[in-house]
Number of protein chains: 2
Amino acid sequence: MAERGLAAPAALASARAPQERSTRQKRAIAAVLGSSDAFRSAQDLYAELRARGEAVGLTTIYNQLHLLTRTGEVDALNTDDGETLYRRCTTEHHHHLVCRDCGRTVEVEGPQVERWAESVAATNGFVDVTHIIEIFGTCAECASPAAPQ
Amino acid sequence: MAERGLAAPAALASARAPQERSTRQKRAIAAVLGSSDAFRSAQDLYAELRARGEAVGLTTIYNQLHLLTRTGEVDALNTDDGETLYRRCTTEHHHHLVCRDCGRTVEVEGPQVERWAESVAATNGFVDVTHIIEIFGTCAECASPAAPQ
DNA sequence: GTCATTGCAAACGCTTTGCATCTGT
DNA sequence: ACAGATGCAAAGCGTTTGCAATGAC
């Protein structure tokens, strides 16, 4: 989304090769992330890696997660109790429909909404746009009289 | 989350009148919440109350916010940097387009989005739906090359 | 040898909890 | 007076940062 006006100086110093290195830790983290497409917390990954006998420092996990998130290989979202959850990037950006009674969450998408947000922002001269959309409601289970409390 | 099994002795004690009391602090908090329909963090409210000369303890603010959230008078949502934002629950609403540099805010509406939210919720069997949409970006002024630094 | 990477330990920032004091009613 | 309300101080928690040691190339 960031279509900034980078006036690329572009001399010869163009490509700064990040010089990625392959390490046991990176591989271990990638392996765990790849083994499931569910959202996991950093602490969770830490525990699992440890259980697998592939101990990796928490710091390193956060490091990797940030890196992977930045490069778009991983998606991140935050829960209501302050944790950030990660999973390897499947499709793209989506939003949540949350039951305010039981907390059940459904992931939803709306290309039209994305476009609307973009266009509203553009109309007002805004650039580099992001947005937050959360839908709250009472799910069928919780709304049905059959489910007392 | 554990509001579980209170083995309510339930003689006639069914309705536990919470015996709400009116205090300066509650009124001050309600006043600030009522003065704007934007999302504010607890810390933010704390600062504003303090600025207004109506100092209220942070603990009390969290207390009230939890209470108001539970009774549905306030809506809560969490940002990506681990903060929880609150705003008084309004019936009619519009959304905000906020400049992340200068803070300028534009109120926007989108009937189509309202409908989209409704329909997504309905499709999933949810009722009594509300939603939150906030758009962030950089406004023209802040993005223009004329305003370096 | 160089430089990306790792990870311990400590710092952070928001939120929650313990508990003694205060205050509407 | 009594039960709800308040708020200081300190603990909790996930996350981030400082920085010296490690290891890929």
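A residue counts as near a molecule or strand if one of its heavy atoms lies within 4 Å of it. The model is predicted: local features need pLDDT of at least 70, side-chain atom pairs count only at pLDDT 80 or more, and totals for chains, interfaces and linings use all residues. Residues are numbered from 1 along each chain as its sequence is written, chains are lettered from A and ligands numbered from 1 in the order in which they are written, and side-chain values use heavy atoms, with hydrogens and water left out.

DNA strand C has 23 residues around it, of which Thr23(A), Lys26(A), Tyr62(B), His66(B) and Thr84(B) come nearest. Sugar or phosphate holds 69% of the atoms of DNA strand C within 4 Å of the protein, and bases hold the rest. Individual polar contacts can be located here (a polar contact is a pair of N or O atoms within 3.5 Å; within protein, one must be able to donate a hydrogen and the other to accept it, and residues adjacent in sequence count only if both atoms are side-chain atoms). Thr59(A) instead places a polar side-chain atom 3.0 Å from a base nitrogen.

Helices (H or I, at least four residues) and strands (E, at least two) are DSSP runs, numbered from the N terminus. In these terms, two or more residues of the surface near DNA strand C come from each of α1 (24-34) and α3 (58-70) of chain A and α2 (42-51) and α3 (58-70) of chain B. The largest share, 4 residues, is that of α3(A).

DNA strand D is also surrounded by 23 residues, the closest being Arg21(A), Tyr62(A), Arg21(B), Thr23(B) and Lys26(B). Of its atoms that come within 4 Å of the protein, 62% belong to sugar and phosphate. The side chain of Gln25(B) has an N or O atom 3.0 Å from a phosphate oxygen of DNA strand D, and a polar side-chain atom of Thr60(B) lies 2.8 Å from a phosphate oxygen. A base nitrogen of DNA strand D is 2.9 Å from an N or O atom in the side chain of Thr59(B). On this surface α3(B) gives the most, with 4 residues.

The two protein chains also meet each other. Their contact (heavy atoms within 4.5 Å) takes 39 residues from chain B and 37 residues from chain A. The buried area is about 3100 Å², of which carbon and sulfur atoms give 66%; buried area is the accessible area (1.4 Å probe) that two parts lose on being put together, summed over both. Trp116(B), Phe126(B) and Ile135(B) supply 23% of the area that chain B buries against chain A, more than any other three residues. There are 4 residue pairs in polar contact between the chains, both residues at pLDDT 80 or more. On the side of chain B that touches chain A, the largest share, 12 residues, comes from β6(B).

Strand pairing crosses this interface. Two strands pair if DSSP finds at least two bridges between them; strand β6 (residues 127-138) of chain A and β6(B) do so in the antiparallel sense over 9 bridges. Within that pairing, Ile135(A) stands opposite His131(B).
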